[in-house]
Amino acid sequence: MILAYGATDCNGRAAQRLYAERHPVRRTPAHTMFAHLHQQLCETGSFQKAARNRDRTARTELNEEIVLDMVETTPSLSTRASVLFTDEASFSREGIFNTHNSHSWAAANPHVTRTRAAQDRFLVNVWAGILGDHLIGPYILPDHLTGSRYLIFLEQGLPELLDSAHVTAATRTSMWFQQDGALAHFSIFVRNHLDATYGERWIGRGGPVHWPPRSPDLSYLDYFFWGQMKSLVYETPVKSAEELVARISAAAGEIRNTPEMLSNVRLSMEQRCEACITCGGHQFEHLPLTAVFPSFSLLILL
């Protein structure tokens, strides 16, 4: 099944057809089984389900106070300067379009049209990171990101990006690495590499420090970067994949050349963490600012 899945470039239905052709006398598995088996092999390195031996950490008020005290007294643990927040996003030809915000006013019918769902479609997967006031990347990833391809990026692409951003060796040896729980990130080979490179200093699914699967936008890239990037990239319609890549690079350069922008985003991180703690770890962005930011009303008066 794994050989058929790989021969069809990780296409479950195509792998199912190929398996039926190669083994006509066997029972043909469901097309979803190929992806599940491949995921298990990538995550555990075995076809057998691994036993869970890791001790569960209880989340109590005492533990929270200990962590907050460590962050306060140990600058190297502070998220404000030493965590490399990372994420991936997809940029397509159509970009961002909300019909509720698109209106054409005229005395007579203007017969306005907007091209959507063109036959010539293209998609670009982009990785980016933010470390303090430094933008790392962006980096164009393969269309279909697998654990092995992501591992190649971590081993070869990321060090080059850190060199380009002039991140010192001292910072690299003390910084934390954060990623979300995407399937490619959870590969056993990726986790082994992160363990070997960062030790206990990485945050993510299956790592020493877990990242919430539905985080309330605590990452710089979630609550700022991707929205800002796409607003710059899609100011006008994109006609080709090459033009899209060029716009992504230009938009990143514009953000990188505005250091006060990243500085303001970094400073807002502390407020978001306080709001998250106030709401008990639940979503807080839909609440009034004065309800989650106690100092906001004071700032208004000042």
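Select helix H8 (220–233): at 1.5 Å a residue its 14 residues should span 20 Å, and its end C-alpha atoms are 18 Å apart, which agrees. The expected span is 1.5 Å times one less than the number of residues. Helices (H or I, at least four residues) and strands (E, at least two) are DSSP runs, numbered from the N terminus. The model is predicted: local features need pLDDT of at least 70, side-chain atom pairs count only at pLDDT 80 or more, and totals for chains, interfaces and linings use all residues. Residues are numbered from 1 along each chain as its sequence is written, and side-chain values use heavy atoms, with hydrogens and water left out.

**Around H8**

Stay on H8 and colour by burial. Buried means under 20% relative accessible area, exposed over 50%, and partly exposed in between (1.4 Å probe, protein chains only). Ten of the 14 residues of H8 are buried, so the helix is largely enclosed by the rest of the structure. Among them are Tyr220, Phe224, Trp226, Lys230 and Val233. The buried residues of H8 pack against E1, E2, E3, H9 and H10.

**The largest core**

Next, show the largest nonpolar core, which has 34 residues. Such a core is a set of buried Ala, Val, Leu, Ile, Met, Phe, Trp, Tyr and Cys residues joined through side-chain atoms within 4.5 Å. Phe91, Phe225, Trp226, Met229, Leu244 and Ile248 have the most contacts inside it. Two or more residues each come from strand E1 (83–92), strand E2 (123–131), H8, helix H9 (241–256) and helix H10 (259–278). H8 gives the largest share, nine residues.

Pick Ile248. Leaving aside neighbours within four places in sequence, Ile248 is in contact (heavy atoms within 4.5 Å) with Phe91, Val124, Val126, Pro138, Met229 and Val233. A second, separate core of 21 residues includes Leu131, Tyr150, Phe177 and Val190.

**Helix H5**

Move to H5 (residues 147–164). At 1.5 Å a residue, its 18 residues should span 26 Å, and the end C-alpha atoms are 25 Å apart, which agrees. H5 bends by about 40° at Leu154; the bend is the angle between axes fitted to the seven residues ending there and the seven starting there. The buried residues of H5 include Tyr150, Leu154, Leu158 and Leu161. Their packing partners are E1, E2, strand E3 (134–141), helix H6 (169–174), strand E4 (176–178) and helix H7 (188–198).

Look at what flanks the helix. Thr146 lies in the loop between E3 and H5 and, at 14% relative accessibility, counts as buried. Its side chain makes a polar contact with the side chain of Ser148 (3.2 Å). A polar contact is a pair of N or O atoms within 3.5 Å; within protein, one must be able to donate a hydrogen and the other to accept it, and residues adjacent in sequence count only if both atoms are side-chain atoms. H5 is followed by His166, whose phi is positive, near 60°.

**The sheet**

Select the strands. Five of them form an open sheet in the order E3-E2-E1-E4-E5, with mixed pairing. E3 and strand E5 (202–203) stand at the edges, each with a single partner strand, so one side of each is left without a neighbour in the sheet. Strands pair if DSSP finds at least two bridges between them. E4 and E5 run parallel and are joined by two bridges. Phe177 stands opposite Trp202 in E5.

**Thr8**

Finish at Thr8, in the loop between helix H1 (2–7) and helix H2 (12–22). Thr8 is buried, with a relative accessible area of 18%. The side chain of Thr8 reaches the backbone oxygen of Ala4 at 2.9 Å.
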